[in-house]
Amino acid sequence: MFRCRVDCERSRILSVEIFPRTPILLFQSSLFGKFEESEKNNIELKDIDPDDFQNFLELIHGESSIDDDTVSGIIHLAEMYDVPTAIRRCEEFLLEKSKQSLKNKLQMANRYHMINLKEKCMNEIKTVEDMQSVIPNTIDDLDHQTTLDLLTKSISFH
C-alpha cells in the first residue's frame, strides 16, 4: 500500500490510499518509473487538480464520473499516466453524450489523438458556418493533418 497526496494552489489536498490490485497500479510505473518516488510509500503529486484526480480515480475504479465538466481533466490525467481505457471511455462520452461545442470536441480529439471523435467532428462540419465555428484563434492549435482535412472540406463548399 502507498499513499498519494495531490496538492494544488487552492490549498485543497486529496489524500488517497492505494492498495494492491487497485486499477491505479496500472499506471504506477507512470507515476514513479525510475524516479526516487518509486522507493517511497508516500508521494505528493503537484500541479494536479484534486477534483480532476478524484474523478480520474473514480473512473478507473469503474464509477461513471465523466460529464461535460469533468471530461477534460480526466482525459488529461489519463494521457499523462497512459491509461488507454480511461481515454477510450472519455472518447465514448464525447461521441455519445457530450453537449460540448464542436470546436471543443475537435480540439480534444486532436490533442488526445481520438480518431473516432475527430472523424465524427469532421462529418458534422456541413456548412461554412460550421467550418468557421471550429477554427481556433491560432492555426497552430491544429495539427497538420487536421488543417489539411479542414482545407479540403472547405474547398468542397464552393
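Predicted model: local features only at pLDDT ≥ 70, side-chain atom pairs only at ≥ 80, totals over all residues.
Residues are numbered from 1 along each chain as its sequence is written, and side-chain values use heavy atoms, with hydrogens and water left out.

Let us begin with the overall layout. The chain holds eight helices and three strands. Here helices (H or I, at least four residues) and strands (E, at least two) are DSSP runs, numbered from the N terminus. Of the chain's 158 residues, 39% count as buried. Buried means under 20% relative accessible area, exposed over 50%, and partly exposed in between, with a 1.4 Å probe and protein chains only. The accessible surface of the chain is about 9,800 Å², and carbon and sulfur atoms hold 48% of it. Such areas come from the Shrake-Rupley method with a 1.4 Å probe; for residues, only the protein chains shown count as cover.

Contacts tell you how the chain folds back on itself. A contact means heavy atoms within 4.5 Å. Among contacts between residues at least 6 apart in sequence, 57% join residues at least 24 apart.

Now back to helix α2. Its buried residues are P50, F53, N55, F56, L57, L59 and I60. L57 has 7% relative accessibility, and therefore counts as buried. Its C-alpha atom is separated by 9.9 Å from that of A78, which is 21 residues apart from L57 along the chain. N55 also lies in α2, and N55 counts as buried because its relative accessibility is 15%. Leaving aside neighbours within four places in sequence, N55 is in contact with S65, T70 and I74.

What caps the N-terminal end of α2? D49 does, with a side-chain oxygen 2.7 Å from the backbone nitrogen of D51. This is a polar contact, a pair of N or O atoms within 3.5 Å; within protein, one must be able to donate a hydrogen and the other to accept it, and residues adjacent in sequence count only if both atoms are side-chain atoms. After α2 comes G62, whose phi is positive, near 95°.

The next stop is the nonpolar core. In soluble globular proteins, nonpolar side chains tend to be buried together. A nonpolar core is a set of buried Ala, Val, Leu, Ile, Met, Phe, Trp, Tyr and Cys residues joined through side-chain atoms within 4.5 Å. The largest one has 34 residues, and F53, F56, Y81 and M114 touch the most other members. At least two residues of this core come from each of α2 (50-60), α3 (71-80), α4 (84-96), α5 (102-111), α6 (115-124) and α7 (128-134). Domain 1 (1-99) and domain 2 (103-157) each supply at least three of its residues; these bounds come from an automatic or database domain assignment.

Between α4 and α5, look for S98 in the loop. S98 has a relative accessible area of 9%, so S98 is buried. A polar atom of the S98 side chain lies 3.0 Å from the backbone nitrogen of Q100. Not counting residues up to four places away in sequence, S98 touches D68, F93 and K105.

C90 is buried, with a relative accessible area of 0%, and C121 is buried at 2%. How many disulfides are there? With a disulfide taken as a pair of cysteine sulfur atoms within 2.5 Å, the count is zero.
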